[in-house]
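Visitor: I am new to this structure. Please show me how its features may be read.

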Number of protein chains: 2
Amino acid sequence: MFQSAIHCSAGYEHILHPTTMNTRVVKAEYAVRGRLVLEAEALAKELSKPDCNFPFEEIIFCNIGNPQAVGQQPLTFYRQVISLCLNPDLLKDENLPHTNKLFPADAIQRAQLALEATAGGFGAYSHSMGVEYFREQVANYIVERDGEGECDPSRIFLTNGASEGISKILQMLIRSPKDGILIPIPQYPLYSATLTLFGATAIPYYLDESKDWSFDIDNLQNAIQQARENGIEPRGMVVINPGNPTGQVLSNENIADVLKVCHDERVVVLADEVYQPNIYNPDRPFHSFKKVLNSLPNIWDTELVSFHSTSKGFLGECGFRGGYMEIVNMHPESQEQLYKLLSINLCSNLPGQLMTSLMVNPPKEGDESYPLYAKERDAIMSSLARRSAKVTNALNNMEGISCNTSEGAMYVFPTITLPARAVAEAAKQDLVPDTYYCLELLKNTGICVVPGSGFGQKDGTFHFRGTFLPQEDKINNAMDIMAQFHTKFMQRFTD
Amino acid sequence: MFQSAIHCSAGYEHILHPTTMNTRVVKAEYAVRGRLVLEAEALAKELSKPDCNFPFEEIIFCNIGNPQAVGQQPLTFYRQVISLCLNPDLLKDENLPHTNKLFPADAIQRAQLALEATAGGFGAYSHSMGVEYFREQVANYIVERDGEGECDPSRIFLTNGASEGISKILQMLIRSPKDGILIPIPQYPLYSATLTLFGATAIPYYLDESKDWSFDIDNLQNAIQQARENGIEPRGMVVINPGNPTGQVLSNENIADVLKVCHDERVVVLADEVYQPNIYNPDRPFHSFKKVLNSLPNIWDTELVSFHSTSKGFLGECGFRGGYMEIVNMHPESQEQLYKLLSINLCSNLPGQLMTSLMVNPPKEGDESYPLYAKERDAIMSSLARRSAKVTNALNNMEGISCNTSEGAMYVFPTITLPARAVAEAAKQDLVPDTYYCLELLKNTGICVVPGSGFGQKDGTFHFRGTFLPQEDKINNAMDIMAQFHTKFMQRFTD
């Protein structure tokens, strides 16, 4: 990829070389922007040239949850408030006559409130936890979301996306390779990569594909026991709900069971809840880990951290890298350590903090901007629900492919039963079988998905993760093209 | 600070507690937001109450390079472009009549170009290196700045501030506590904190206060030799130019000497050049490490990474967390590892990327926005130069205080000769002497500076770091108040 990077002098040995660098960096893997994506980007460059000759006209990126890169439009109100906050000259008296023509009154009012809440506007570092007023809005959202309980803004930390918070909590938990973190299989590869970088041992627990990717509690307890027998101390457990890459939404009961195990086994719960607004099946509503914990007085003191982000959900504002974490039952001195750790990077970016505060406090019924906000939100949500159903159905109609319904998030993670001769062909090319399948799909159709091996799967099974984020005409067309490809692929290896 | 964080259940032992967490986290120190600042923030809260009774009316924050928090105004053109990019509805035909009244034509044109350069606007994740068009602008800036040489945009990585890039390069370099990184004393505590977190050994080299904080090359070589004798392998060297906290600007010759040592000793150079635009003495211009390296053909293959940021310089856009690093002579496979490492966090925030692209490509002479831009820039720069001189002079007029002229950056780092009885009083209170001095200054005047012990200093010497960022009336007044405090403090301990 970077071959032409240096006119190497003969014999010079680099100080920084993969053979001499931190081996944890070399070992870390991140499939979401890995080989498939690098190949897809190279193809996209080729496609832009006039004389290229491919059997497709564009790359359809289904590798990553990046909605606005594939056509989703931002929500108008949020961007209005942000542009006013970042250019406060628009609020000067002499400009207001024009500004009033371009912006609704509630956006102007919101921007004024936000500006007053910062110490020096959006060009200044904030407190390392984030602007207090924004954290208060997050706290209000959590109370409203859960319909009960309390939330103290001094337990909220604003972060660059959810990843930053996750990384800091793991950094505090992990002391040596003898410390283990439970991660679901399949998982989002941020977790495996971060554990590798910090030198922890990943303790995999398998989600039950035959039961809509729900938890098997015996399985979880076995994983913990097994780890202990191997001298590994489980310190934390990652749960992703709604699921990535699985799209499952956990039931209240399933969450309660997980919390009980974590409490009894002395494991901190890391609840990745970044897809909480994206629920497609009203019979499977989102329950936050905190809310379920509040209903379990016997284990109320379970240590829990919940993560949310502006990137996911129907908002899809990935570029802002906004997010927050709520810490529950953390020891006050540990919280001081967390504060110090975040203060080394000073603070998360202020536009991202602002986007987070808007996400948790959208226009309310009666507000001038509410009708447009509601229309935009509902259009995105209903389209996502249609696309989820369309993609699941289309996949289930393909020979040898089986896909659970995506009840939430923005992904499908189907099983593919690959013919033995396809597996052999992959081996011949020194490729994992699902990587081979995904590369063939990319080269023949331009559709970019990520092999299941990047997320983890039961030995001998093959999957891929795809998003259903491309807009409806495109995703419908993509499923037709994929069906044709798949039929040919299967014929090629079974005839 | 977080005392009331939890209604602790009797006997419950936390899983995550300072005694059971990653000891590197507990050990890391970050003075810039440490004790002094926590005390200052607590005082600021008290001050806002009606019945408080302090000998001052406000806290004057001189602890951190955060210009807009203490009154500096953002540059108009940059904020105009950003607000258009983040709210592209303003560029729709039906809105343009009003938009044209609020924004100059060149801001509108710039915003259109920037929007076209992104894949899906500013709400989408970009390439993990940053938007290509923005990286091209950085590359153009570097060529123009150095007046020679080449710069390939594929060697530029856009990052969340400079800190993120610094952290990733150190993460790649450091394998074990046997790996050492050379850091200047005094240093910016990001470095010591990051080294502690990664478990590396800091190899201090002392800047020569008697020679305007320049490098003593013998001293540097001794530090390297000493480290080797102790079984530590020097892998990288941090240089901060213009200096933080020292304000020094290195000469061409001094930089060349450093590069030769690093080349011969096989050490990667990390050049922290985030203050490059802030130069107050025309006789001491800024020379980039890359430019000096280009003039040294015998050691052209020295591995070098240079960091820059939107937070520092006269721009002072800290809240955007924008920045870049340029890698020079990095092995292509190491660059692939760096790309992967950054891709785990997907990309730096897009508003910060945009701010970086604007910083390196300001309005040019002849552009509609140039006169206002130049006026704003010159006002900030000339005021900073006046404040630098004012503060240095005022400090040098105080008994027992001696301060080198700040030729660049935004800090002074004076020596204070403390009376023996003041040192004894500090010991009685279990405080480092300079921390005691800074606390007394804060409590008596509301002026918040950071003790030299947080940056490193020769044993038995005492310093503090102060910014000269508060606006002129305020900083002038603060120096008068400080002079009065200082006289009383010295009298108290010498009478």
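Guide: Copies are superposed by least squares on the C-alpha atoms of residues with pLDDT of at least 70 in both. Here, a rotation of 180° with 0.0 Å of shift along its axis brings chain A onto chain B, at an RMSD of 0.0 Å. That is the relation of a two-fold axis. A:Ser83 is the residue of chain A that comes closest to the rotation axis, its C-alpha lying at 2.1 Å.

Guide: The model is predicted: local features need pLDDT of at least 70, and side-chain atom pairs count only at pLDDT 80 or more, while totals for chains, interfaces and linings use all residues. Residues are numbered from 1 along each chain as its sequence is written, and chains are lettered from A and ligands numbered from 1 in the order in which they are written.

Visitor: How many residues of chain A are in contact with chain B?

Guide: Two residues are in contact if their C-beta atoms, placed from the backbone, lie within 7 Å. By this criterion, 86 residues of chain A meet 86 residues of chain B. Helix 12 of chain A gives the most to its side, with nine residues; helices (H or I, at least four residues) and strands (E, at least two) are DSSP runs, numbered from the N terminus.

Visitor: Which residues of helix 12 of chain B are buried?

Guide: A residue is buried if 20 or more other C-beta atoms lie within 10 Å of its own, exposed if 12 or fewer, and partly exposed in between. In helix 12 of chain B, the buried residues include B:Leu338, B:Leu341 and B:Leu342. The buried residues of this helix pack against helix 1 (23-27) of chain A, among other elements.
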